[in-house]
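Hi,

Here is the structure I promised to pass on.

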Amino acid sequence: MKKKIAFDFLIPILIVAAVSVLSLAGLLSTAEHGMYDLFLHMKPQVEEDDRILLLDVDDLAIAKVGTWPWNRSYMANGLILMKEFSTDYVVFDIEYTEKSPLGVNQEVLNEEIPDLLDQEFQNINMNVQDLFQAVASGAIPADQAEGFVADLIGMTNESKEKLRKAIRQIARNNDLLLGRGAAYFEDSYFTVNMLDEEDEDVPEELRQYALSEISLPSVENNASWSKPAGDIRPAILPILSRAGGAGFPNIIIDEDGVRRRVNLLRSYQDNFFGQLAFRPLLDLLGSPSIRLENKSIVLESARIPGEEPQDISLPLTPEHNFLITWPKSTFADSFRHLSYYYLVLHDRQVDSLIHNLQIMESSGMLSYYRGDTGLLEPYRYAERLREQMLEEEEPTEIEEYRQVREFFFTETGKFLNGDAQQEMISDIEGALSAAEPGSDEAVYYEQVRNDVKTTFNSTREIYNNLVKTRTRLEEDIKGAFIIVGHTGTSTTDRGVNPFQKVYDNVGTHAAVINSILTRSFIDELPLWYSLLIGLALTALLFFAIRNMEPVGATITGIIILLVLVGGLIGFFLVTSIYVPVLPALISTGATFLMLLVFKLMITAKEKNYIRNAFSHYLSTDVINDLLTDPDKLNLGGEKKHMTAFFSDVKGFSTVSEHLDPSDLVKLLNAYLTDMSDIILSLHGTIDKYEGDAIIAFYGAPIEFQDHAKRACLSAVRIKKMERILNEHFLQENLSPTPLYTRIGVNTGEMVVGNMGTAKKMDYTIMGNSVNLAARLEGVNKQYGTWLLISEDTYKEAENDISVRMLDRVRVVGINKPVRLYELVDERSETPSEMNEAIEVFHEGLKHFEEKSWDKAENRFQEVKRILPEDGPSNLFLDRCKKFKKKPPAANWDGVFNLTMK
């Protein structure tokens, strides 16, 4: 027993040790990630910060602008426009790590070059024409014309240089333009990739610039977790050198392909770089000092807009990663979105507006503008400011540029929607009324009137659409924290997060920012917390269920497992701290299952033992009940009201003398089998076999209210089976003579239970009531009967049996007189002549007990005429003759003392 306990106690320890090995080897990682995702689904939807805006290069933008990747001028112009609308921060999740080919300056090509060509050729033509007219008129003598021709050639060469210079401006360095746009915007951020190995293609100048100018300046490293990168690949120098900063876009992908966490900081050559979204966020928080700890990143005195400066601690996982609090929605439904097309559309609408205004200017329509300057002058001034600021490293006229542009658009709206058109049409109609109807002059003025209406209407439509676009941009990008990324259908930059199987990776940066701005942090405890919980619960489970039955153990184990899971879920929902679930769950669950299996094995072994031990003694139903409640067979006895059954074969010793041992065993087995089956069929319990004798009882281990009836029916049916067996035995020569069975049955209080020791026990009965049943079996010899039952048995079974009442007697060893009854048959099957004989016998017994010997003798003789071989009648006839010769004592109470067993 001690060895078993010691071994059982090792079960939780061994299981926790095995789970620890599996966990440390990473074999449970994927499943653990799945549990983490399940817990995340139970948390409420995370709040989304309205400042975050995803500026998508989406299908709409690509369809309207052109195939991706775009000319970098679109991003440069976008930065300029976003600055005009006071966007706070712009992050480019686009890698500009390679130089782009030279682009075409569409403004120079489409506007400046044509204007310059017209102007210079017009000057050349005028100079040539003037020279020829002067020579023709004699103003210049022919012999002096050669000198003027040389001057004309010089002016022509000057025009040629102007054209060459303008043509050179057609080819535009878009990398430099994007860099200038970044400098103009100021707070724009680009990528600096962290590489595992050194990259020889990265220019050393670019690498050193990133280390000295882009890395984070204020990082106090108190941790040992930062794994340095092998190299870095920043955006190209023309862009990086003018950016507000840069960060690494590298994303951590877990073993199952899901993105749950990021590194917020990475080091290279003892310099730290921030994650792409984290880097501008530091500037938003007032560029706090950074302190690295093993379990957190502390931003000291961070200034969240609208709040007092405070330290913000960003929790890290045991692997030193930052867990992202993802939105549950799809990419399209999470955070605010705006197609980049609207920025391009704005500039196109401005170009269309300016084109129409220039037409109106050349046709004299803008002369009706009542401002201090021409309507287009503020726009042209703003353009000069823009070009000037793009040339500056630190532009200072941004606010003036913004105000001048706003003034221009306001004045343009007033002009287009004011009285200018009507005044112009009134003047034209005045001139038209003065012209001769149908004349060329009248036709001209009608055409001019139509042109005014058409031009004003189309320009007004362009302006109104532009106002709608500017209003939308004002609402969406003012004060926004913008992340620019390619999200078109063709992109491969998509991944999986805990909630969505397809999620554009640019949204990862938005989720990182949002987690910090809303302070929706998720922490994760080390693995050993779960192992300790598992060890504690497995020990608790072990001691709780080791002595329980399987059903109770199952319920207790399930409750403990539910409490474990429910506790971890509740703890996570309340604290946002994730405790690894699987080590504790597997440890506890495996211990529970192992102990349960052991219990079931032990139970099965016990059941097999019980089934094998009692299959020859108990009915199948009784055995099944015992298997359900084995405690009924615990060592020890209990007093119960039951019925005892004793049978014996008359003269079996004589029979055995005539048979060899093998034939004797064969005969005995055949006899005992059929008789035992009858007992078992009525749910009797066979105590033991003593040679040909059967000792059985009814009412234990399974209680029956009708145990007396069952015992009596068994006795009757055994006697009936006896006739069938005897025919068979005699026909097959299995027995030299018929076998006749005597049976004694008594009902009363007796002790029943497993008697003996734990190693050797016997499920048996004992007590005076048992002894009486044994005596009754022997008393059959004296009365010439086969089945005797006590009065107590008769009282409990009288409705179902037919009996013949006999004497009141004192049997050997029992002083209390008992009334004897001969069990005749089942009441429903008793023959009529037997019922007649019983009735006559009872009359004779009554006369006998009244000491009317002659009357009694007469009635017993009548019984013998019905039943010639009736043993009880013969006994009482002898007594009548004896008592007529010598009457009993006057005080005789009618009780006979039986001196033989």
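Let's begin with the buried residues of α13: Ile-398, Tyr-401, Arg-402, Val-404, Arg-405, Phe-408, Phe-409, Glu-411, Thr-412, Gly-413, Phe-415 and Leu-416. Buried here stands for under 20% relative accessible area, exposed for over 50%, and partly exposed for anything in between (1.4 Å probe, protein chains only). Helices (H or I, at least four residues) and strands (E, at least two) are DSSP runs, numbered from the N terminus.

Before going further, a word on the source: this is a predicted model, in which local features need pLDDT of at least 70 and side-chain atom pairs count only at pLDDT 80 or more, while totals for chains, interfaces and linings use all residues. Residues are numbered from 1 along each chain as its sequence is written, and side-chain values use heavy atoms, with hydrogens and water left out.

Back to α13, which has 20 residues and reaches 29 Å from its first C-alpha to its last, close to the 28 Å expected at 1.5 Å a residue. That expected span is 1.5 Å times one less than the number of residues in the helix. What do the buried residues of α13 pack against? Their partners are α4 (73-84), α7 (174-185), α11 (341-362), α12 (377-391), α14 and α15, where contact means heavy atoms within 4.5 Å.

**Helix α14**

Helix α14 covers residues 420-434, 15 residues in total, and reaches 22 Å between its first and last C-alpha, close to the expected 21 Å. Its buried residues are Ala-420, Gln-421, Met-424, Ile-425, Ile-428 and Leu-432. Looking down the axis of α14, you'll find that these buried residues fall within an arc of 125°, so they line one face of the helix; the arc is that of the directions from the helix axis to the C-beta atoms. On the face turned away from that buried side are the exposed residues Ser-433 and Ala-434. The buried residues of α14 pack against α13 (398-417) and α15 (440-477).

Gly-430 also lies in α14, and at 37% relative accessibility it counts as partly exposed. Gly-430 and Tyr-445 are 15 residues apart in sequence, with 9.7 Å from C-alpha to C-alpha.

**Aromatic rings**

A pair of aromatic rings is described by the distance of the centres and the angle of the planes. Rings of Phe, Tyr and Trp (its six-membered ring) pair if their centres lie within 6.5 Å; planes under 30 degrees apart count as stacked, over 60 as edge-to-face and the rest as tilted.

How many aromatic pairs does the structure hold? There are 39. One of them is the edge-to-face pair of Trp-326 and Tyr-503, at 5.5 Å centre to centre and 85° between the planes. Trp-326 lies in the loop between β15 (322-323) and β16 (336-339) and Tyr-503 in strand β19 (residues 503-504), so the pair ties together parts that are 177 residues apart in sequence. Trp-326 is buried, with a relative accessible area of 4%, and Tyr-503 is buried too, at 1%.

Next come Phe-848 and Trp-892: their ring centres are 6.3 Å apart and their planes are at 90°, so this pair is edge-to-face. It links distant parts of the chain, with Phe-848 in helix α26 (residues 832-849) and Trp-892 in the loop between α28 (871-885) and β30 (895-897), 44 residues apart. Both Phe-848 and Trp-892 are buried. They belong to one aromatic cluster, together with Phe-841, Trp-853, Phe-860, Phe-876, Phe-883 and Phe-896.

Two arginines sit over rings as well. The charged end of Arg-472 is over the ring of Tyr-342, 4.2 Å from its centre, and Arg-879 lies over the face of Phe-876, at 5.0 Å from the ring centre. A charge sits over a ring if NZ of Lys or CZ of Arg is within 6 Å of the ring centre and within 35 degrees of the ring normal.

**Backbone details**

A cis peptide bond joins Trp-68 and Pro-69, with omega about 5°; Pro-69 is in the loop between α3 (59-65) and α4. Another cis peptide bond joins Ala-700 and Pro-701, with omega about 0°.

His-683 has a positive phi of about 65° although it is not a glycine. You'll find His-683 in the loop between α22 (661-681) and β23 (685-690), and at 17% relative accessibility it counts as buried.

Cheers
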